[in-house]
Amino acid sequence: MIQIEGRGPEDVQPDKIFEALTSYDLQQMGVQLVLYGFFKNVEKYGLGILTDTFHREPGWIQEPVTVSSPIELMIMQALGMPTTQRVWGVTREFVRWEVVDPYMFRPDPRVPGVHVQEMEFIGHGVYRAYTYLLARSHENGGDYINIEHLRRAAHQRREQSGRRRTGMQTGAMDMRDTADDRDRGVYLLEHLQVRLVPREWGLSEETRPEIWQFTLAEDAVLLQAERRTNEHGQFSYSVAQTDYDPHNAFSPGMVENLDGFQRLANWLYASHIENTQKVLNDALIYGPSFIEENDLLNPGPGRHIRLSRKGEELVERGMLNIPQMISQLAVVDVTAGHLR
């Protein structure tokens with residue numbers, strides 16, 4: 001999908017290798033759906049965000065048993081002994097793009113939204129299950145620390161704060177009616193990358209700016225605090241807007257731009273439907289002594305409306321005709337032009 005071309009003949013062989021490696025990463029991340037979600041956010045909300053990480057997926061793998069010589073391996077095979085063992089490790093690793101929810105995006109508001117690398121900080125929120133975090137804990141070879149404190153601290157935080165600033169309680173995602181006590185729930189993680197001077201933050205003696213990665217769970221537990229080691233020295237976010245504005249933090253999306261027109265169209269169409277319903281409901285003027293009223297109130301498929309005995313006599317004598325006994329009010333569709 002992504003073709004790479006160098007600047008000179010000396011780049012041909014490295015480009016082929018880099019292109020093959022990139023193709024593998026795109027295949028592993030399912031790039032078609034990633035880009036679909038990204039561009040859909042750009043069009044719908046006016047803002048699309050991608051974050052990229054070097055993803056290491058932990059899990060159980062089978063690896064060969066360590067043997068001292070080929071003869072020992074042959075003996076194990078002859079005796080039917082297992083030659084592989086189940087160990088915890090990395091099942092696969094690749095560069096991964098993730099689509100960030102625009103409502104969970106935490107950019108530096110002092111800088112235009114698309115100028116990501118000029119910001120002092122940038123981040124996003126995401127919901128993760130406890131088992132996801134446990135598999136990536138420091139004890140299991142991952143990046144997260146303080147996992148053992150997460151459940152207790154998050155429970156206390158929820159009792160104190162109630163509704164979160166995102167408008168949804170994380171506790172609402174817990175399956176209280178179906179899950180047992182072993183269900184650890186889902187937690188809100190706030191990933192934040194900050195360009196800072198480590199000495200001022202008490203992180204190291206370095207006095208030159210660096211980018212550090214922090215992860216806070218439920219506003220209560222620090223899961224990650226480490227210096228980013230990417231050689232490019234940039235934030236791992238990419239931002240696109242529908243209508244680029246170099247001066248504003250955000251630009252309106254398609255939904256916001258069409259909102260006024262959509263409200264007008266909704267009113268025009270709804271008012272026409274209401275008027276049509278009014279027209280379809282007959283508004284009749286009749287004399288109850290001339291017409292059998294039950295035939296009007298309870299019409300059948302054939303719509304047989306009988307005259308009363310008095311009505312028949314008046315018609316026979318020529319004193320009244322039927323249009324004089326019953327008449328429909330004139331109705332006018334004042335909304336006929338709405339659809340046009």
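Which side chains meet in a salt bridge of 2.9 Å, N to O, E98 with which partner? The side chain of E98 meets that of R128, a salt bridge being a side-chain nitrogen of Lys or Arg within 4 Å of a carboxyl oxygen of Asp or Glu. The pair links distant parts of the chain, with E98 in strand β2 and R128 in strand β4, 30 residues apart.

This is a predicted model, in which local features need pLDDT of at least 70 and side-chain atom pairs count only at pLDDT 80 or more, while totals for chains, interfaces and linings use all residues. Residues are numbered from 1 along each chain as its sequence is written, and side-chain values use heavy atoms, with hydrogens and water left out.

**Three-stranded sheet**

- An open sheet of three strands has the order β2-β1-β8, and its pairing is antiparallel; strands (E, at least two residues) and helices (H or I, at least four residues) are DSSP runs numbered from the N terminus, and two strands pair if DSSP finds at least two bridges between them.
- Strands β2 (84-100) and β8 (237-241) are the edge strands, each pairing on one side only.
- From one strand to the next, the twist averages 20°; axes are lines fitted to C-alpha atoms, for helices over the stretch in contact, and angles run from 0 to 180 degrees between N-to-C directions.
- Strand β1 (residues 47-64) runs antiparallel to β8 and is joined to β8 by five bridges.
- I49 has V239 in β8 as its bridge partner.
- Helix α2 (residues 31-45) lies across β1, β2 and β8 and runs at about 160° to β1.

**Five-stranded sheet**

- A further open sheet, also antiparallel in its pairing, places five strands in the order β3-β4-β5-β6-β7.
- The edge strands here are β3 and β7 (221-227), each of which pairs on one side only.
- Neighbouring strands of this sheet are turned by 20° against each other on average, direction ignored.
- Three bridges pair strand β3 (residues 105-107) with strand β4 (residues 121-129) in the antiparallel sense, and F105 stands opposite H124 in β4.
- Strands β4 and β5 (residues 186-196) run antiparallel and are joined by nine bridges.
- R128 has Y187 in β5 as its bridge partner.
- Six bridges pair strand β6 (residues 210-217) with β7 in the antiparallel sense, and Q213 stands opposite E226 in β7.

**Salt bridges**

- The structure holds nine salt bridges, including the E98 and R128 pair.
- E98 counts as partly exposed at 22% relative accessibility, whereas R128 counts as buried at 17%; buried means under 20% relative accessible area, exposed over 50%, and partly exposed in between (1.4 Å probe, protein chains only).
- D108 forms a salt bridge with R110, and the closest N and O atoms are 2.8 Å apart.
- D108 counts as buried at 1% relative accessibility, while R110 counts as exposed at 61%.
- The side chains of R306 and D295 also meet in a salt bridge (2.9 Å, N to O).
- R306 lies in the loop between α8 (293-297) and α9 (309-317) and D295 lies in helix α8, so this pair ties together parts that are eleven residues apart in sequence.
- R306 is exposed, with a relative accessible area of 52%, whereas D295 counts as buried at 10% relative accessibility.

**Nonpolar surface patch**

- I71, I75, L79 and M81 make a nonpolar surface patch of about 420 Å².
- Patches are made of residues with over 30% relative accessible area and no salt bridge, like charges being joined within 9 Å and nonpolar side chains (Val, Leu, Ile, Met, Phe, Trp, Tyr) within 5 Å.
- Accessible areas come from the Shrake-Rupley method with a 1.4 Å probe, and for residues only the protein chains shown count as cover.
- M81 lies in the loop between α3 (70-78) and β2 and is partly exposed, with a relative accessible area of 41%.

- F250 lies in the loop between β8 and α7 (254-280) and counts as partly exposed at 43% relative accessibility.
- Leaving aside its neighbours within four places in sequence, F250 is in contact (heavy atoms within 4.5 Å) with L47, F105, P107 and Q241.
- The C-alpha atoms of F250 and L47 are separated by 7.3 Å, although the two residues are 203 residues apart along the chain.
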